[in-house]
Structure formats: C-alpha cells, structure tokens
Amino acid sequence: MRRVAPAAGAPSPRDVYTRHFFTRSDGYVWAAYDSGAGAFARPAGTRHPGARKPPERHRVDRNSSSPAESSRALPRICIRESDGCDVDEAEGPVLCLDGADTPCSVRQRRRQGKTISTDHKNYHLMLNLQLGIRHAVGKSAAKLMRPLKRADFDPGEKFSTRFPPAGSKLTPPHQSSEFRWKDYCPMVFRHMMELFAVSPADYMLAICGDDALRGLSSPGKSGSFFYLTQDERFMIKTVKKSEVKLLIRMLPSYYKHVRRYKSSLITRFYGVHSVKPNGGQKVRFIVMGNLFCAEHRIHRRYDLKGSSYGRKSDKFGEDTDGETTLKDLDLNFVFRMKQSRHKQLHEQLRRDCAFLESEGIMDYSLLVGVHFRDDIPGSKVGLSTLTTSDLSANMASTCQGSVSMPKPCLSAKDLDHRKPLPRLGTRLPARAERRTSSSKTNSFLSSSGGSENRVEAYDVLLYFGVIDILRDYDISKKLEHAYKSLQADPGSISAVDPRLYSQRFRDFMSRVFVKEG
C-alpha cells in the first residue's frame, strides 16, 4: 500500500489516495484507489505472465467541461464473474470486467430499496462503514495468507482503529465525525471469503465504490436495518450484541461445516464489524451474501419456518409483488423437481438442521424466491388449469402442456442443459403446482384433499437459503413459548426447543419440495 497522486479526471476532490493492488481471476492487475470521499478502480497496466487477454470494455465519452461532469462520465464497474451484469445503463456508462472476451449485457432492472443520499438519517453511518471496510480489506490484503490457528477464532481477536476527520498514519481524511471501528476475527473471514470464491477487490468495490448503499424501505421485525450493495451481491444487517456473541461463539463449527459441505444452504457470512461515533451509540453489523442476487426477477418470496401461529402476511393478495415477503400460511404452491435434486436438497437440509440443532439454534427460516419462467407474476400467468386426476394421469410426461401457450414449456432436464447450476439453492428448475379450492385451508400443506380441487402448473426457477440463524433458545424464547402456549397449540408456535424445531422444519419442507413422479 502506498500514497499516490490521483490520475487525471479521478472522481474525488482530494489530492491524496491510498492505492491497493489486486489480481483478478483472469490474471489482470487492477489498482483500487480510495480516499475519504470514495473509491474507484482502474487497470494498473500489468498482467501476470500467461494470463488471458483482458476483456473488451465499453467505450466511454469523457468530453465533459467540468470536474462534476467528468466524475459522472466515469464508468461504473461490473465485477460479476458469470452470467453477465445487472447494472442499470440509465445510471451511467458501464465498464465490464467479467473475464470474457466480449462485453456482458446491460439490463434495465427494478431494484430493491432506495439509495442512501446525503439527507438520509444513516448517511454518515454508511460513510463510516465504507471507510472501515476499505481499511480492513486493505490491511488484510497486505498480510500473507496463512493457515488458521485456534487463536484466530478467539472472541478477543478483534482490532480497533480510530478514524479522526483529519486522517492519521493509518486512516485517510474523511467528511464525517470521528468514530472508532472494530473488526472481529479478520483472518477467519478472510479464509471465509476465499472459501466462498469472493476476491478482496470485488468485495471492496461492491461495498466501498462510488455508488452508495441501498437501504430497504423498512426495518425487519427484529428492529434491524438492512442495506444492499448496488450490485446486490452483499447485504449488510445491523445486529444486537447478543447476536454478535453468538456468531463468534459458533464461528469454529460454522467454518468447519461450510468448508465440509460446499452446498450448505446456510447464510454465507463475510465479516462482523462495529462502528462507534464519538459520543454516539455503537452499531454492530454483519456482512452476508444476498440470496436474491439473481439475473432473474423474483416474482414471489416466502419466509418459511414450518410453524403456523402468526405465520400469515397482512399484504398477501393477487396483486402481491416480488418485494413482499410472504409466510407459511400464504404458501399455496408445492415445488416438484428432479429426483436427484430432490435428494440433494433434503440431504443438505438434514445436515444444516443437524448443525443448527447442535448449536442450540432455532427460529431460522428458509427464504425462497420464485421466478416464473415467462416473467409474469404467478397470479397472472395464462396457463390452463388441470384437475387433480388429469395431473396424476400425465405426471409421467416431462412437462404438462398448456393450450394457451404457443411454445411447449421446457423441462428441468432441458434447463439443466441450457445453463449449469452453480450451486444448490440457485436457479433450481422446478414445477410449481397450485391447487385451487373453495376451502380456505392450505390444502397442499395438509394431508387432506378432494377431487374437486384444480391444479395450476408453472415452470419456475427457485432461489433459496437458510437465514436468521443467530437466535438460540435462551430464557426469553422459553418465556415466549410458555406465554404463547396458553393461546395456541404449543406445536404451532415458532419458539420451541431446537430439536423439535429442526424436526418440524424438515417435515414441513418435505411437503413443500417434492420429487417428480
């Protein structure tokens, strides 16, 4: 790391930058420049011997008459490694770095949340967070990678750095007030990033680049706030002190589990940090992967626990959009998939649940995103309905035909040939079946059913993973269980013993995700 003068037209009002060198997977060396005002990246002009030819890049017109216009004309960077980019062309020119010989596609997308602008109440918290992560990544990259030791997992393995506005020998000047940054178990999370195939350059530019983070419209039920990077690859969540302690406590077994089972559906964590403004309250947060960073639009999303008490969304209806998170009692689909995928899914759920049970964890969910293949919300897909008897008679067929569609639908096998599945829980082809009945009960999730029920069938792609794993069965959850048991069936509430929770969770998922035939 060294101080350098910025290149001509660099997007910052400051004259001093910190430069970090990173080597991308294609062997091309890039330099990431940062100051208190922002960060950007450009080619360093060298490549390792034997590296592939660098990708072609979009041409950008920089004929601007003012520094502000010059800043806006600089290209935004797409750093996704596969499947093209999801950058909105309307927000400015795009520089594609996907490792291919041709530029990746630029799409118009509808994004979650709103950009955190200067008038947002958490604007300075976002700046502090970006400064801290930039510092942490640069400091970590300057050290040689080494095998993990027992001491790296110790709860006391945390590093504190003071960020004065004027800057210091270790930190750049910035426009916010003084704050203290704390980084927990940095060497462990560096190994975690390598395990999950995330490079330091991609990570830093996604969180600390020129683009601001995006805040979700409302905090979650727990009171936590969620922020997304502009490329939607990473999600940042504010957490309680007890949740940080729990994650650090289970970190050795968590690392062992995700290292052993590469297809684990459990949330991927990339860092635990805290920010304490001078004279203010400490804010703790975790950085994790976003399950719905997808090239396909998510039409329906469900948060499934396997319980029924209070598990219905107030916003459920025919006009439900993809940003509304529905719950167990809102689910009116079952998902049929190939036998091999069905076996793999339930075997991995068994392993993940066994791990969480051993750690005393409960109240977790399976977050499921559904993409209807013809890009229309499920309530409005123009597929003909089938009776239960018709469906069972034709189940041997690869795909149920629809007279309203001009082209035959593709089977899961066809989709597998078109594009490989990178990992379990991502772009999983399935057949969604929705039973319509005069009864108000969720007939698909119960053993009862009648011949008068009709079934609608759709080809879908599924995205899913296990989330909210930082809750153990402590005294507060035991009291919640005792109180709610007076109002409802004890087996129907979410707050139950981890062993019972795990069994109920897997039983529920076995009725939601079923095999073909």
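The model is predicted, with local features requiring pLDDT of at least 70 and side-chain atom pairs counting only at pLDDT 80 or more, while totals for chains, interfaces and linings use all residues. Residues are numbered from 1 along each chain as its sequence is written, and side-chain values use heavy atoms, with hydrogens and water left out.

The secondary structure comprises 10 helices and 22 strands, where helices (H or I, at least four residues) and strands (E, at least two) are DSSP runs numbered from the N terminus. Of the 517 residues in the protein, 51% count as buried; buried means under 20% relative accessible area, exposed over 50%, and partly exposed in between, with a 1.4 Å probe and protein chains only. Contacts are heavy atoms within 4.5 Å. Among contacts with a separation of 6 or more, 65% join residues 24 or more positions apart.

Leaving aside neighbours within four places in sequence, Tyr203 is in contact with Ile133, Val137, Met193, Val198, Phe234, Tyr270, Gly271, His273 and Val287. Tyr203 is also one of the buried residues of helix H4. This helix, residues 200–208, is mostly covered, with 8 of its 9 residues buried. The buried set includes Asp202 as well as Ala201, Met204 and Leu205.

Asn128 counts as buried because its relative accessibility is 3%. Beyond neighbours within four places in sequence, Asn128 is in contact with Ser176, Phe179, Trp181 and Val275.

The cysteines can be treated briefly. A search of the whole structure finds 0 disulfides, a disulfide being a pair of cysteine sulfur atoms within 2.5 Å. Cys185 is buried at 1% relative accessibility, and Cys353 is buried with a relative accessible area of 2%.

Helix packing is illustrated by H5 and H6. Two packed helices are described by the angle between their axes and the distance between the axes. The axes of H5 (residues 241–260) and H6 (residues 339–358) come within 11 Å and cross at roughly 165 degrees. Axes here are lines fitted to C-alpha atoms, for helices over the stretch in contact, and angles run from 0 to 180 degrees between N-to-C directions. H5 and H6 are therefore roughly antiparallel to each other, a label for angles over 145 degrees. The contact is made by Met250, Ser253, Tyr254 and His257 of H5 and by Gln348, Arg351, Asp352 and Phe355 of H6.

Finally, the backbone deserves a look. Most residues other than glycine have a negative phi. Asp363, in the loop between H6 and strand S18 (365–372), has a positive phi near 65 degrees. Asp363 counts as buried, at 15% relative accessibility. Asp468 has a positive phi near 55 degrees and is found in the loop between strand S21 (454–467) and helix H9 (475–485). Asp468 is partly exposed, with a relative accessible area of 34%.

Note on methods: Angles under 35 degrees count as roughly parallel, over 145 as roughly antiparallel, 65 to 115 as roughly perpendicular and the rest as oblique.
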